[in-house]
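Trainee: Could we go through this model together?
Mentor: Gladly, let's have it on screen.

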Amino acid sequence: MHEWALAEGILASARKIAEQEHLISVSEVTIRVGALQQVEPPILRFALKQLSEDGLFSHAKFRILKAKSTLKCRVCGTTWNYNSKKIDRATAEAIHFVPEVAHSYIKCPKCGSPDFEIASGRGVWLEDIKGVKNE
Amino acid sequence: MIDPRTSIITERLARIRRIIAVSSGKGGVGKSMVATALALSLAKEGSRVGLFDLDFTGPSTHIILGVSDSLQPKEEKGIVPPTVGGLEYMSLVYYVGDNPAPLRGADVSNVLIELLAVTQWGQLDFLVIDMPPGIGDAVLDLVRLVKRIEFLIVTTPSLLAFEVVKKQVALLCELHMPVVGVIENMKADKSAAIQHETTRLGLKYLGSIDYDAKVELSIGNPEKLLDTAIGKAIGQMPLPRGDKQ
């Protein structure tokens, strides 16, 4: 499960922030997942729960929000949203593991260029963390 | 908004004893052949070795190793590199196949961070990295993200290659990055010019590799590569070795 590795990264980052903010317990972690990487929230949530049974995150709620992925052609300026349903399963899976390989498979719908920017909704971000401070 | 991937990279690499980036300011000097031969040579001596092709836009180590098109990493709490020729082998080709990967700098950085964050190398004596040419994103990102990295520099006898190598050395010195030494590849005469220049830079000259037409014939066959001038010379050089040596 590739999401496991991403969940470990999320918790490592959240732990750093919690330490900086002097949190003794984390109550909520907000994560945003971009459409390009197609991370499945239930799988990610399962990994996060499994990895945080004890300690700082044991009472944390994991909010996983989805974000559209917007691609912008650097040649003609066309902007479009990534839709995994329009591509075959093997390609979608490759993009799931490494989103930038989209440049090997997807072209601008207007001019056909592979030179586009992943303007938003690439992968996984830690958006917010809430908890109880050590006063 | 925080990118959570960079926080886990140090832990992913924690069980690797030494990380060696085979690098050159100049392209076409034989980095990929040297990196692959180094990895194979260390593995043959009994070390546990990983090979990571970081030349995302121009990968070639999979061709040198003869990696089958159907080979894929295993998905297990991340990505577990398959074993090829005795090496734990990772490359972007698993995900792009024969398609070109037209990546700009920010994309290269993202691929590097993604693969460093999710690849489960496990316990290794050495991770050998085949670097792209130049001193751009890949070098700067590795220096930023992999604190324990050491650079092994490849040049040819050509002044054109060595002048660019000098710039790379200047950068690495400025960044306080350790340089294992310099290998002079594709040597066709007895000139000691590169050896003198390397010593003048304060670096270790690890040795030279004679030009060998057999190298081209070894492509796709790791055993044959070790039997070429590259494989034999690397086996003799004062390079980092495993405990079993």
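Mentor: β1(A), helix α2 (residues 41-51) of chain A and β2(A) form a right-handed β-α-β unit; right-handed has the path from first strand over helix to second running clockwise, strands pointing away from the viewer. Helices (H or I, at least four residues) and strands (E, at least two) are DSSP runs, numbered from the N terminus. This model is predicted: local features need pLDDT of at least 70, side-chain atom pairs count only at pLDDT 80 or more, and totals for chains, interfaces and linings use all residues. Residues are numbered from 1 along each chain as its sequence is written, with chains lettered from A and ligands numbered from 1 in the order in which they are written.

Trainee: Which residue of β2(A) is the bridge partner of Thr30(A)?

Mentor: Strands β1 (residues 23-34) and β2 (residues 61-67) of chain A run parallel, joined by seven bridges; pairing takes at least two bridges found by DSSP. In β2(A), the partner of Thr30(A) is Arg63(A).

Trainee: Are α1(A) and α2(A) parallel or oblique to each other?

Mentor: Their axes, lines fitted to C-alpha atoms over the stretch in contact, with angles from 0 to 180 degrees between N-to-C directions, come within 9 Å and cross at roughly 55°. Under 35 degrees counts as roughly parallel, over 145 as roughly antiparallel, 65 to 115 as roughly perpendicular and the rest as oblique. The two helices, α1(A) and α2(A), are therefore oblique.
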